[in-house]
Each structure stands twice: as structure tokens, then as C-alpha cells.
Amino acid sequence: MTITDLNFEGILKNAYLNKDDFIDIFIESKVSTLLSNEGKRLEKAINGAVQGVGLRLISNNKTYYAYTNNLEEKKLIQIAGDLREAARNDADKRGNGNTVFKPLNFNEKKPKTDFSITKDVADVSIDEKLSKIKPVVDYSWNFDKRVVQVNITYVDYKQDVVIVNSLGDFVKDIRENIVFLAHVVVSNGNRAEVGYEVAGGFTGFEFFDKNTPEDIAKEALNRALTQLDAPFAPSGTMPVVLSNEAGGTMIHEAIGHGLEADIAGNGLSVYSDKIGERIASKLITVIDDSSLVGKRGFYRFDDEGTCSDRNVLVENGVLKRYMSDRLSLIKYGYGLTGNGRRQSYEHPPIVRMSNTMIAKGESDPEDIIKSVSDGIFVRKMGGGQVNTVTGDFVFDVMEGYTIKGGVIGEAVSGATLMGNGPEVLKNIDMVGNDLGFGIGTCGKDGQGVPVSDAQPTLRIPSIIVGGKN
């Protein structure tokens, strides 16, 4: 019996307790490859395969979840019954009981946005994948005598999913993703600096038709060596220009998580209960768009079976909506945006970003730089932390330069940016007509999902820069 031969209605029916219950089944089959070196030799070459099912019942605003790698129908019916009994035990305390299960007519949903992979990663041999690792390791070690550590990592996966729910939705999807990461350490004997560069997206092996591993590594190497020779950044309050290459860390951390409905709905966001209010400069429009073909955060459907979509979250500075999932719809009445995502069948879906960006503005990036007499130009952001309740953040600058008299000057190292997300967003006074994307894996509640972030060149007229006087 194949997955699609399962008696989905029977499984869903066995989890059903009340007329307002929502039940879904998430079936996953996934193959993946991980390749990485340690020093000058290959350290990891792992092919993996997982298959399993997650079952969820939302009853009386509470989630009941279970998962298994056993796809036998009788086992799934049993688990569905266990979820129902767990909900019934809670319901009995509130005086709720059974109602009649409505028969379902499953209709397969079609995506709003679709495209084709031309070179399936599952069909590519391990030797061909290794051919992308070995030469770039040698290239990186030989690039400069100050290179003391090189780590090149290649990751891919192909994921087949089936999603069925108690509304009668039936979804099938195939997802592929590639990440290629270069991480290097350089040292002059007195100090060491790190550089990394990562590329990838929702793509097959055709990714390498336009992306050369050596070019990715070269970016990381040059970044580390530039910082190694650079003086420490000055500290103080000053203007900062964020390049469109900076990577989108600011948008992801400073506002993105705060606009996720589970955080906002629980009053844990600085943006809670502010729909319709101005929360940013009139120059700022924030969009989450899971329908951007080929981007790392792209998907045809989210992990609840909702079609991907372009959602304007902030328009000309005014908060319009939160990113939401099925539970947010039920608990808070927030309309579905297709942002219910999960790491695997072992995890229940939660609200997550996809491809999140500050939209393009009208200023020429060169004019933005020329407008600063004394400040910092950030070409690449590093990691960061943000308090979603207050909006306070601290971000590392991986690659930064001084700006003197409207001209980008010498490189500086060790810079950090400290501030408050809402305040910074309100103070941004120039937005470039360019747009650059960065990619990553976003962690939340113990789950990681692929995302990308984007921003144009931005001018923050005043922000605290941590460095060395």
C-alpha cells in the first residue's frame, strides 16, 4: 500500500472530538546529503533518509501532537485516537463532548506559484557532489599563507510531503534545497579573523551552473583577510549605512520575529496590538513572500497546506498584518498567510518567516553614501540577538568600513550595532533602489527552517556602534 492509499478520512475521524476541531496529517519522505572537510581532508560524507508522519489535533485552542515513523494505517488510527482521548480528558473538565464527524471529499490543491527543477539532487551521484568540495578546499588553503582553518560544507535535500486535513484539503509537494558554505579563519600570529560566505536556495544541482564554489570561498577569504589587516572600529553614536549586501539580519531579527502571530498574539512582541499604527518610517515597507521562486525560503505550500503568498506586513511605515498559521487563525482570528512551517514530521508547525525583506526605495545607493560625512558602512552583517518584547538588539558586523566625507574608506574590524528595532525603523531616512538577499536557517522553539532575508541600502542617521576608542 502506498501513502496515498491510506484511509485519511478514517484517521482524521478517529481524532475528531468537537465540531470546531482542526486535524491534519503531515507525511514526509526526505533524502539528504551532507559533505564537509576538516583541515585538508574530507571529514563527513553522509547520505540520509527519513520517513514519518505527524498528526495534529487543535481542540479548544490547544494543540495535541504526535508523530511516528510507522506508516501502517492501524498505527495511525491508534495515534489519532490517543490524541482525541488526550483532548477529551481536557474537554471533560470544561463540559465539552463529542459531535458528529462530517464526511470529507478530498480535493487536491494546486499551488499559486510553481516551477521545475532541472537537475534533481537525488539523481546526482555522491562523486559529482564531492567534486564541488575537494577542489575548493585546496583552493582555499593555497589562497594565502595566513589561512589557518578551512571548512567547506555542502548540504542538499529532497523532501516529498503529503498534507491532509479535516477541511478536505489534500496537498502533495516536492521540495529541493542546496546550501554551499565557506568558513575560513586567518591569522597573522597576533590576531585571528573569521570570514564566511553562504549561497544556495530552493534549487536542484543546476545551482552550480551559475555559482562557482571557488567564487563563494573567495568571498569568505577576502572578507577574513580584509578584517585581519583592519584597525578596530571606532565606538560611539554615529550614522551607519547598511549595504544591500549586508544580508538582511536587521530585518529578520529587529522586526521579523516580532511580526510572527504566535509571538505577537501572546503579547510577547513590541509590535503586539499595533495593527493600523505607524511603527516605522514612511519609507519602510516590509514584505514576507514565500512565492519568490528559487529563494531559500520559497515553497509552493506551507507545512499546513496553505498556498505560498506575498504578504505585505508593513506598508509605508504602518503595520498591516502579522504572519500567521492555522493556530493563530483559530486563537486570534488572524487571517492565514501561509507561514505555518515545521522542521520535520517530528515537529508541529509554528509561525515562521520565509523570504522577508524591506522593499526597495527611491534613493541611489551612491547618494546615500555621499550623504554621510563621518560614519560606518556595513557591507556584511554577522550574527545578532534581539529581545522581541522590547525590540532591543545587538548585531555583529562581519565586514565594515569607515565613511569619511561621503567616501567609503578603510576597513574596520570588531564593530557591533546596538539599538532598538522600532526606533531604528522609525529613524531610517534613506532607502536605496537596490535589493540584496542573504540566506540562512532560522531557529525558533528548537526548530530550524530555510529562510532568506533582503534589504536595499539603508541609512540610519544615528545608532550606537560598539568598537574600540
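Visitor: In which loop is N61 found?

Guide: N61 is found in the loop between strand 2 (41-59) and strand 3 (62-68). Strands here are DSSP runs of E with at least two residues, helices are runs of H or I with at least four, and both are numbered from the N terminus. A word on the source: this is a predicted model, in which local features need pLDDT of at least 70 and side-chain atom pairs count only at pLDDT 80 or more, while totals for chains, interfaces and linings use all residues. Residues are numbered from 1 along each chain as its sequence is written, and side-chain values use heavy atoms, with hydrogens and water left out.

Back to N61. Its phi is near 65 degrees, a positive value in a residue other than glycine. Most residues other than glycine have a negative phi. N61 counts as partly exposed because its relative accessibility is 42%. The terms run like this: buried is under 20% relative accessible area, exposed is over 50%, and partly exposed is in between, with a 1.4 Å probe and protein chains only.

D445 also has a positive phi, about 50 degrees, although it is not a glycine. Its loop runs between strand 20 (436-444) and strand 21 (447-455). D445 is exposed, because its relative accessible area is 61%.

E260 lies between helix 6 (249-256) and helix 7 (261-265). It counts as buried because its relative accessibility is 0%. Its side chain joins that of K444 in a polar contact of 2.8 Å. A polar contact is a pair of N or O atoms within 3.5 Å; within protein, one must be able to donate a hydrogen and the other to accept it, and residues adjacent in sequence count only if both atoms are side-chain atoms. E260 also touches M323, V351, R352 and M353, leaving aside residues up to four places away in sequence. Touching means heavy atoms within 4.5 Å.

T457 sits in the loop between strand 21 and strand 22. T457 is buried, because its relative accessible area is 4%. A polar contact of 2.7 Å joins its side chain to that of D434. Among the other residues that T457 touches are V241, P365 and M430.

D144 is in the loop between helix 4 (134-141) and strand 5 (147-165). D144 is buried, because its relative accessible area is 18%. The D144 side chain reaches the backbone nitrogen of R146 at 2.8 Å. D144 and L221 are 77 residues apart in sequence, yet 8.6 Å apart in space, C-alpha to C-alpha.

Now the rings. The structure holds 15 aromatic pairs. One of them is F202 with F298, edge-to-face, at 4.9 Å centre to centre and 90 degrees between the planes. This pair links distant parts of the chain, 96 residues apart. F202 is in the loop between strand 7 (192-201) and helix 5 (213-228), and F298 is in the loop between strand 9 (286-289) and strand 10 (310-315). Rings of Phe, Tyr and Trp (its six-membered ring) pair if their centres lie within 6.5 Å; planes under 30 degrees apart count as stacked, over 60 as edge-to-face and the rest as tilted. F202 counts as buried because its relative accessibility is 3%. F298 counts as buried because its relative accessibility is 2%. Elsewhere, Y154, F180, F205, F207 and F208 form one aromatic cluster.
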